[in-house]
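Please keep the sequence and the structure in view while I talk.

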Amino acid sequence: MSTARVRELLDPSRLDREPDDSAGYLDLLGDTEEYRRTRAQRAMHSGLVASIYQRWWRPALTVLLSQGATVEEEGREAVRLLDLGGPMRVLDVACGPGNFTRLFASALSGDGLAVGLDASEPMLARAVRDNAVPRAGYLRADARRLPFPTASFDAVCCYAALYLVPEPFTVLSEMLRVLAPGGRLALMTSLRPDAEPLRTAASGLAWANGLRLFDREELTGVLRSAGLVDIRQRAGGFAQFVSGRRPLD
């Protein structure tokens with residue numbers, strides 16, 4: 001696994017502590033706890049959920065959100081949207097147990113590297129155990145302040161997590177910051193229904209569980225404001241797939 005190569009990508013000016021690699025991934029958080037977790041966030045930090053996430057939790061969530069798509073289909077679409085291949089640098093934000101990170105790494109060659117970033121120790125422990133491959137490395141860090149220089153990744157992905165994280169638009173801003181010219185961004189997240197009464201009911205249920213539902217134009221609007229082009233959006237059920245590319249100049 002490429003822990004040493006992940007370390008080389010870090011921006012020292014954005015680090016609050018020396019990275020710890022004793023668990024098989026780089027840990028920049030230690031025992032810090034900077035926010036009160038919602039019910040959904042607590043689940044993502046649970047060892048039990050981490051143990052069943054890849055086989056049971058994530059597939060069930062995918063079916064619930066996107067009305068029948070499988071995790072494998074989502075993964076193939078992410079690889080296509082990111083146009084992965086060759087010696088690219090790829091950042092997988094909120095990677096969980098690393099199933100997509102491993103898939104991304106397998107699409108690369110040469111000096112390519114896929115970095116899986118998450119804040120959950122149980123998830124990253126599973127990633128190291130189940131999805132450690134030569135072109136993948138894992139990092140425990142806060143996605144609200146990515147520890148990388150500006151324009152350092154050729155592709156950035158966040159699937160099935162933006163509706164969970166605190167300050168999702170701060171996280172998205174950071175993802176855009178580290179995206180290099182010509183690089184591609186891919187998101188899969190929640191979608192608030194347009195029609196009532198489903199809109200109100202879904203919003204209430206999401207709020208009660210600490211989840212965020214995004215309106216149809218929220219994320220595409222952020223990408224347009226950031227200057228991305230080739231912006232695409234596909235909606236299905238309570239999910240949306242959004243992608244875009246940063247121009248070369």
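Predicted model: local features only at pLDDT ≥ 70, side-chain atom pairs only at ≥ 80, totals over all residues.

The sheet is an open one of 8 strands with mixed pairing, and its order reads β1-β4-β3-β2-β5-β6-β8-β7; strands here are DSSP E runs of at least two residues and helices are H or I runs of at least four, both numbered from the N terminus, and two strands pair if DSSP finds at least two bridges between them. Residues are numbered from 1 along each chain as its sequence is written, and side-chain values use heavy atoms, with hydrogens and water left out.

At the edges of the sheet sit β1 (26-27) and β7 (229-236), each of which pairs on one side only. β7 pairs with β8 (residues 239-245) in the antiparallel sense, over 6 bridges, and R234 stands opposite F241 in β8.

Helix α4 packs on this sheet, where it touches β5 (153-159), β6 (179-190), β7 and β8, and its direction makes about 150° with that of β5; contact means heavy atoms within 4.5 Å, and angles run from 0 to 180 degrees between N-to-C directions, with axes fitted to C-alpha atoms, for helices over the stretch in contact. Helix α9 (residues 218-225) lies across β6, β7 and β8, and runs at about 5° to β8.

Which helix does α9 pack against at an angle of about 35°? That partner is α7 (residues 168-177), and the two axes are 11 Å apart. The contact is made by F169, L172 and L176 of α7 together with E218, L219, V222 and L223 of α9.

Coming back to α4 (residues 71-82), this helix also packs with α5 (residues 99-106), at an angle of about 45° and with the axes 10 Å apart. That angle makes α4 oblique to α5, where oblique covers whatever is left once angles under 35 degrees are called roughly parallel, over 145 roughly antiparallel and 65 to 115 roughly perpendicular. The contact draws on V71, E74, G75, R76, A78, V79 and L82 of α4, and on N99, F100, L103 and F104 of α5.

Finally, for the chain as a whole, the secondary structure comes to 9 helices and 8 strands.
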